[in-house]
Amino acid sequence: MFESLSDRLSGVFEKLRGKGALEEKDVNDALREVRVALLEADVALPVAKSFIAKVKERAVGAEVLRSVTPGQQVVKIVHDALVDMLGGADAETALSFVTTPPAVIMMVGLQGSGKTTSTAKIALRLQKRDKKKVLMASLDTRRPAAQEQLQILGEQAEVKTLPIIAGQSPRDIASRAIEAGKLGGYDAVMLDTAGRLSIDEQLMTEIADIHGAANPIETLLVVDALTGQDAVETATRFKERVPVTGVVITRIDGDARGGAALSMRAVTGAPIKFVGVGEKIDALDTFEPDRMAGRILGMGDIVSLVEKASEEMDVERAKKQARKMAKGEFDMEDLAEQFRQMRKMGGMGAIMGLMPGMGKVKKMVDQAGGFENKEIVRQEAIISSMTKKERKTPKLLNASRKKRIAAGSGTSVQEINKLIKAHRQMADMMKKMGKGGMKKMAAQMAAMGGGAGGLGGLGGGMLGGAPDMGALEATQGKKGKGAEEEIDFDAIEKALSGKGALPPGIGGPGMMGGLPGAGKKK
């Protein structure tokens with residue numbers, strides 16, 4: 001997502017940061033490169049011109065040129081201008097439910113843009129995250145098996161769909177869905193309308209007719225990011241006929257340029273509410289302009305990382321594991337749990353992509369062969385091929401046992417040795433922590449350049465092997481209490497449920513270095 005633009009901008013800003021003082025010529029040269037980068041990213045020309053004009057107006061000011069850190073100041077100005085271009089920091093990206101239930105959400109767009117899949121994704125998100133009772137209905141009577149497709153997606157997402165009655169018109173189906181929503185006590189009714197391969201009068205008339213009958217509180221236009229500026233043109237045409245309240249951009253994970261997303265708000269005035277980031281039913285993100293600007297500029301998105309962790313993590317299991325770690329205990333079962341947590345969150349690549357300052361490291365890891373989900377699965381297979389006793393006590397693993405595990409997991413003895421070494425290093429870290437050497441360990445970690453920062457030690461330890469020592473000391477109770485009582489689990493649980501902030505400094509040493517398969521050549 002925005003990969004090519006992010007790489008170009010990173011190069012521009014590195015040159016600026018390397019200069020102690022900036023002249024107007026330096027800023028102009030940098031902005032010329034930024035403009036080229038935006039145009040190459042398929043951003044609409046008027047939008048790119050307006051963006052550069054805004055940045056230049058602020059960047060050549062005296063407060064920047066005479067600043068102690070002029071390079072950083074320019075980056076800050078570009079970040080703020082990007083946020084404005086994407087919709088502003090105060091952009092309303094949440095769906096509105098300020099109406100008498102059920103709230104009708106109408107999905108419109110061209111055929112093949114991903115309307116039906118996006119309908120199911122949004123319905124799942126509303127049901128899972130917002131605890132809304134959702135009913136989906138397909139109004140596409142033209143495309144073969146379109147209604148059946150939504151029905152199957154509803155079964156996968158465990159979201160109710162309106163029973164199919166052959167021969168009904170789209171308007172009749174919409175009326176029946178709204179009536180069923182009222183009788184069934186649903187919070188939302190999602191209407192998946194028909195599309196065409198191109199915009200025509202017949203399509204627009206049908207959509208306007210359904211809109212008049214259903215009176216939706218939200219009309220979401222679904223566009224494909226891979227169509228570039230055509231997506232912006234489609235949005236403009238639809239907005240002329242129906243009051244589009246928001247845009248859903250699909251397949252943004254497959255578009256390294258991202259020009260459609262950058263131009264959409266400026267050209268159409270409609271806010272981007274969701275982006276499709278994968279093919280899976282849960283691969284949907286809300287579009288937050290400030291977070292997206294941070295990702296484009298390589299600043300990461302730690303808030304999204306915390307949200308992703310809070311969704312995937314089992315808090316009770318995390319508490320149990322953190323208590324074991326605090327005692328200095330860490331066996332193969334604990335390592336397998338870390339692998340599972342990492343896989344649930346999309347793998348190491350997805351996690352690193354959201355972490356501040358990790359863009360270059362991620363790229364280097366990817367070029368070296370990466371550390372993908374399939375590599376994590378291989379490590380899990382090795383641990384699963386061990387007996388319960390071997391997982392509990394890895395010291396039992398002699399040569400003959402290793403051969404048996406290698407045969408059972410389809411790996412080699414060398415890979416098993418690497419896994420055992422990684423586990424031993426992490427287990428030694430746990431023991432030092434359990435003995436109270438937290439300050440010493442924290443200093444060692446800082447020297448190693450570890451500390452993924454943010455999430456590593458939240459019990460499950462997706463990124464690091466253990467809770468950060470500074471964080472544990474920060475959450476300690478009175479002296480003399482046991483290790484189990486020293487960690488503020490309540491604060492961690494509140495953070496995971498979105499009701500509070502993480503205890504300061506919670507973070508782990510980072511698993512990348514010691515894990516087998518990291519940086520492995522394919």
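Select Ser263. Beyond its neighbours within four places in sequence, Ser263 is in contact with Asp42, Val43, Ala44, Val47, Gln229 and Val232 (contact: heavy atoms within 4.5 Å). The model is predicted, so local features need pLDDT of at least 70 and side-chain atom pairs pLDDT 80 or more, while totals for chains, interfaces and linings use all residues. Residues are numbered from 1 along each chain as its sequence is written, and side-chain values use heavy atoms, leaving out hydrogens and water.

**Stop 1: around Ser263**

Ser263 sits in helix 11, residues 259-268. Helices (H or I, at least four residues) and strands (E, at least two) are DSSP runs, numbered from the N terminus. Is Ser263 buried or exposed? Ser263 is buried, with a relative accessible area of 0% (buried is under 20%, exposed over 50%, partly exposed in between, with a 1.4 Å probe and protein chains only).

Ser263 and Val43 are 220 residues apart along the chain, yet their C-alpha atoms are separated by 5.7 Å. Next, show Ala44. The side chain of Ser263 reaches the backbone nitrogen of Ala44 at 2.9 Å. This is a polar contact: N or O atoms within 3.5 Å, one able to donate a hydrogen and the other to accept it, with residues adjacent in sequence counting only if both atoms are side-chain atoms.

**Stop 2: the nonpolar cores**

Select Phe13, Phe51, Leu191, Phe238, Ile249 and Met264. These residues have the most contacts inside the largest nonpolar core, which has 73 residues. A core is a set of buried Ala, Val, Leu, Ile, Met, Phe, Trp, Tyr and Cys residues joined through side-chain atoms within 4.5 Å. Helix 5 (residues 70-86) gives the most to this core, with 9 residues. Apart from this core lies another, of 22 residues; Ile105, Val134, Val159 and Leu284 are among them.

Zoom in on Ile249. Leaving aside residues within four places in sequence, Ile249 is in contact with Val223, Ala225, Ala260, Ala261, Met264, Ile272, Phe274, Val275 and Gly276.

**Stop 3: strand 7**

Select residues 272-276. How does strand 7 pair with strand 6 (residues 246-250), in the parallel or the antiparallel sense? Strands 6 and 7 run parallel, over 3 bridges (pairing needs at least two DSSP bridges). Ile272 in strand 7 is the bridge partner of Val247. With strand 8 (residues 284-286), strand 7 pairs in the antiparallel sense, again over 3 bridges. There, Gly276 has Leu284 as its bridge partner.

Stay in strand 7 and select Lys273. Lys273 counts as buried, at 5% relative accessibility. Its side chain reaches the backbone oxygen of Ala94 at 3.2 Å. Not counting residues up to four places away in sequence, Lys273 touches residues including Glu92, Ala94, Glu218, Val247, Asp285 and Phe287.

**Stop 4: helix 7**

Select residues 146-157. Helix 7 has 12 residues and reaches 17 Å from its first C-alpha to its last, close to the 16 Å expected at 1.5 Å a residue (1.5 Å times one less than the number of residues). Color Ala146, Gln147, Leu150, Leu153, Gly154 and Ala157: these are buried. Look down the axis of helix 7. The buried residues fall within an arc of 125°, so they line one face of the helix (the arc is that of the directions from the axis to the C-beta atoms).

What covers them? Show helix 6 (115-128), strand 2 (134-138), strand 3 (160-161), helix 8 (170-183) and strand 4 (188-192), which are part of that cover. Turn to the other side of helix 7. Glu155 and Gln156 are exposed there.
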